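Biologist: Could you walk me through the charged side-chain pairs in this one?
Modeller: Gladly, let us look at it together.
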Amino acid sequence: MKTAAAFSGIAAVLCAIALLSLDETRRSMTDLRERFARSEGVLDRTRTELQQLADRRPRAPIAPPPVEDAFSKMQHEILGPSVQVNVQGSVGGGTLLFSRETHSYVVTAHHVIQKLLAGGVDDETRFPAEVTLYDDQGSVTDTVEGDLVAWDARKDLALLRLRAVHEFRNVARLASRETMRSIRVFTPIVAVGCPLGHDPLPTLGEIATLNKEVQGEKFWMMNAPTIFGNSGGGVFHRETRELVGVSVMVCTYDGAVSTPVPHLGIMVPLDSVYDWLDSLNYHFIYDPEFPLEAFEAVRSANAKAAPGGRPAPSLPSPTSSER
């Protein structure tokens with residue numbers, strides 16, 4: 001009996017110890033949960049504070065494209081399409097507007113090619129111009145003869161078709177009519193030409209006025225320095241690198257000696273060039289909705305209607321217009 005009572009006492013003690021241990025374990029677990037919850041709260045507050053600090057920190061500006069890359073794009077899209085036009089020693093600039101297999105066209109100034117008109121009365125007797133093309137770095141890539149296919153002395157514009165049987169890749173990007181309407185005074189531009197017979201060179205400036213009248217024709221003026229030889233060269237929007245006009249003249253101070261004013265350049269805006277091309281059915285040069293095939297069809301119809309199988313002349317009579 002005493003032994004049984006002793007075992008019962010021991011069991012009771014062990015049970016009490018076990019209950020005490022279990023209770024202590026529960027309290028420990030509860031304490032751990034509370035500590036964990038407090039730690040989570042501290043971490044959440046820390047995350048919030050770090051995020052607030054990050055939001056208040058000045059953000060690094062978006063890095064501009066590398067200077068070398070920006071210059072490369074300007075060389076490709078502005079100097080690439082620029083050409084030199086040489087007519088029996090008269091040198092000017094020009095811009096490649098369109099190229100597709102046997103149809104490649106360059107716009108230049110009328111007075112640059114004026115000697116061609118004196119050298120023949122039609123396409124068969126007229127001498128060609130010499131057109132020199134360059135790569136982005138200014139190295140000569142090709143020299144091609146170009147036939148005069150259209151001209152307007154009052155606008156001081158001329159169009160040459162190159163005698164080439166392959167497509168040229170360095171065609172100018174042409175500003176749309178909508179873009180032309182958005183141009184204002186102070187719009188930054190780059191004028192490219194062949195000053196004093198040099199290879200195409202760029203000069204920087206802005207549009208100075210949209211209202212300049214010469215012999216009843218509307219022109220723009222720019223303050224990018226230009227001089228003899230820039231005639232016929234392209235004027236490009238400096239930001240979009242699109243062609244927006246053709247350089248044709250510089251103002252002169254007529255005292256005892258006529259002195260050119262290089263920063264007062266006169267240019268034909270591209271929308272006037274478009275109107276001129278439209279009047280000649282050369283829409284395809286700038287308008288993708290008027291394909292080359294439509295031009296060929298119109299030209300074929302005109303050739304059949306004209307006496308002797310040649311198209312009737314529809315171009316204005318040339319008048320003198322010296323730069």
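Biologist: How many salt bridges does a search of the whole structure find?
Modeller: The search finds 12 salt bridges, and please keep in mind that this is a predicted model.
Biologist: Which residue forms a salt bridge with Arg173?
Modeller: Arg173 pairs with Glu77, and the closest N and O atoms are 3.2 Å apart. Arg173 sits in the loop between strand E6 and helix H4, whereas Glu77 belongs to helix H2, so the pair ties together parts that are 96 residues apart in sequence.
Biologist: And is Glu77 buried or exposed?
Modeller: Glu77 counts as buried, because its relative accessibility is 18% and the cut-off for buried is under 20%.
Biologist: Switching topic, what does Asp147 meet in a salt bridge?
Modeller: The side chain of Asp147 meets that of Arg163, at 2.8 Å from N to O. This pair links distant parts of the chain, with Asp147 in strand E5 and Arg163 in the loop between E6 and H4, 16 residues apart. Asp147 is partly exposed at 25% relative accessibility, and Arg163 is also partly exposed, at 44%.
Biologist: Where are Glu206 and Arg238?
Modeller: Glu206 is in strand E8 and Arg238 is in the loop between strands E10 and E11, 32 residues apart. Their side chains meet in a salt bridge at 3.7 Å, N to O.
Biologist: Which residues do salt bridges that share partners join into one network?
Modeller: That network joins Glu77, Arg173, Arg241 and Glu242.

Key. Residues numbered from 1 in each chain as written. Predicted model: local features only at pLDDT ≥ 70, side-chain atom pairs only at ≥ 80, totals over all residues. Heavy atoms only, no water. Salt bridge = Lys/Arg side-chain N within 4 Å of Asp/Glu carboxyl O. Helix = DSSP H or I, 4+ residues; strand = E, 2+ residues; numbered from the N terminus. Buried < 20%, exposed > 50% of the residue type's maximum accessible area, 1.4 Å probe, protein only.
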